[in-house]
Amino acid sequence: MAARRRGAALGLCATVCLLDMAFCKGFVEDLDESFKENRKDDIWLVDFYAPWCGHCKKLEPIWNEVGLEMKSVGSPVKVGKMDATSYSSIASEFGVRGYPTIKLLKGDLAYNYRGPRTKDDIIEFAHRVSGALIRPLPSQQMFEHVRKRHRVFFVYIGGESPLKEKYIDAASELIVYTYFYSASEEVVPEYVTLKEMPAVLVFKDETYFVYDEYEDGDLSSWINRERFQNYLTMDGFLLYELGDTGKLVAIAVIDEKNTSAEHTRLKSIIQEVARDYRDQFHRDFQFGHMDGNDYINTLLMDELKVPTVVVLNTSNQQYFLLDRQINNAEDMVQFINNILDGTVDAQGGDSILQRLKRMVFDAKSTIVSVFRSSPLMGCFLFGLPLGVVSIMCYGIYTADADGHGDERYEVVRGEAGGPALPDEGAGQPEPSGADPPAPAAQEPKDVLEKKKD
Ligand SMILES: *[C@@H]1O[C@H](CO)[C@@H](O)[C@H](O)[C@H]1NC(C)=O
Ligand SMILES: *[C@@H]1O[C@H](CO)[C@@H](O)[C@H](O)[C@H]1NC(C)=O
């Protein structure tokens with residue numbers, strides 16, 4: 001009876017859902033302490049949230065849709081959410097350290113979801129991770145089917161071997177990112193030539209690459225480097241993920257809405273280099289474009305002119321800016337080769353000086369953004385202390401004239417210079433750095449937490 005009502009409800013939901021989001025909540029189970037005991041026989045996709053967290057609230061309607069879709073496609077994966085602040089001991093047992101944390105729980109294993117928080121991405125993750133770790137490809141048709149479906153996937157070719165053990169190990173860790181298959185030699189297309197068996201291959205960008213233990217090192221880290229397409233539409237999240245690869249990332253920074261030739265040209269030059277010089281550069285380089293310079297400016301602490309090209313070294317945070325006009329793919333290749341042979345100067349990095357610059361930059365952008373969004377507030381927050389400091393300085397100056405100045409000057413300057421603002425250059429508020437608990441300063445921490453899980 002209950003099941004039938006549920007079935008009918010499902011049929012209706014697609015339409016009703018649009019009218020009434022609350023209705024969809026029925027497909028996401030609200031979990032409590034009994035979850036620890038009851039979950040054992042099932043696979044669960046759980047959103048650990050905190051009632052006060054903004055990102056969690058944004059995720060909620062998406063999560064409801066995920067619940068509905070998983071139900072309507074008949075997935076064995078159950079969808080739930082848990083208030084991690086009310087059931088904090090359970091949440092911490094599952095390793096929840098930030099909010100929201102999305103995990104797929106399967107037996108003893110807990111897989112973290114780290115991708116973009118969209119319905120399709122989350123559902124793809126759930127399907128992938130809940131299924132077999134390594135899926136056999138029994139026929140050429142199956143291979144073709146998979147090749148059309150997935151932009152990047154890995155295939156093990158051969159029988160039982162130590163390499164297969166390593167492949168299974170790597171897959172159990174990296175299944176959260178990508179697909180793993182196994183096949184016999186007959187199944188892969190004829191254009192694939194294998195010098196050795198067994199072998200691990202990655203298929204992507206209309207070609208394939210073979211893992212070479214001597215050149216590529218550890219299998220897991222090779223997979224981690226190769227799991228991205230050669231050319232990508234970059235955003236902050238992706239750049240952060242690419243940080244693990246240690247590769248150099250060449251990005252055309254453009255304004256996608258600007259249809260002028262200059263913008264489209266730079267993008268297609270990078271695309272061309274990515275495609276035509278793949279064999280030469282794919283081991284060390286990742287290519288792509290980014291819409292707008294906001295993110296990259298924050299990253300580089302620089303004001304980039306758009307359109308331009310920037311090359312980031314993800315292993316040491318250094319970057320390279322164009323020192324020439326890029327008119328065609330050959331110019332770009334020349335630029336890349338000069339970066340590789342060390343004739344283009346690197347900028348940035350993660351030295352102490354850079355970190356100091358980062359602190360000042362963050363504080364400065366906070367002040368600028370406060371002034372931009374509310375000049376009055378800005379005047380109050382930064383002008384008032386400045387005013388007070390000026391008055392104090394004036395006081396000191398007059399006191400100084402009294403003759404007892406020297407001692408008192410020292411003391412007062414010590415106080416004013418610490419928590420508030422510097423006592424010089426009243427026209428230009430340059431903060432001392434430690435002061436504003438800036439939203440800008442919190443962002444990287446948020447990402448870091450997401451990453452660490
Ligand atoms: C498009 O880009 C060109 C060249 O960078 C620039 O001069 C122009 O103002 C931009 N147009 C718009 C609509 O932003
Ligand atoms: C990128 O950084 C790594 C680590 O510091 C360094 O070994 C490598 O030479 C750098 N690459 C370039 C092109 O500067």
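Quick housekeeping: it's a predicted model, so local features need pLDDT of at least 70 and side-chain atom pairs count only at pLDDT 80 or more, while totals for chains, interfaces and linings use all residues. Residues are numbered from 1 along each chain as its sequence is written, and chains are lettered from A and ligands numbered from 1 in the order in which they are written.

Okay, the sheet. We've got five strands in an open, mixed sheet, running β6-β8-β7-β9-β10. Strands here are DSSP E runs of at least two residues, helices are H or I runs of at least four, both numbered from the N terminus, and pairing takes at least two DSSP bridges. β6 (135–136) and β10 (207–210) are the edges with a single partner strand each, so one side of each has no neighbour in the sheet. β9, residues 199–204, pairs antiparallel with β10 over four bridges, and L201 bridges to V210 in β10.

Now the cores: buried Ala, Val, Leu, Ile, Met, Phe, Trp, Tyr and Cys residues joined through C-beta atoms within 7 Å, where buried means 20 or more other C-beta atoms within 10 Å, C-betas being placed from the backbone. The largest has 54 residues, and F154 is among those touching the most other members. Helix α4 (residues 54–72) gives the most, six residues. A second, separate core of 33 residues includes L242 and F285.

Last, ligand 1: N258, S260, E262, H263 and P307 surround it, each with its backbone-placed C-beta atom within 6 Å.

Definitions and conventions: A residue is buried if 20 or more other C-beta atoms lie within 10 Å of its own, exposed if 12 or fewer, and partly exposed in between; C-beta atoms are placed from the backbone.
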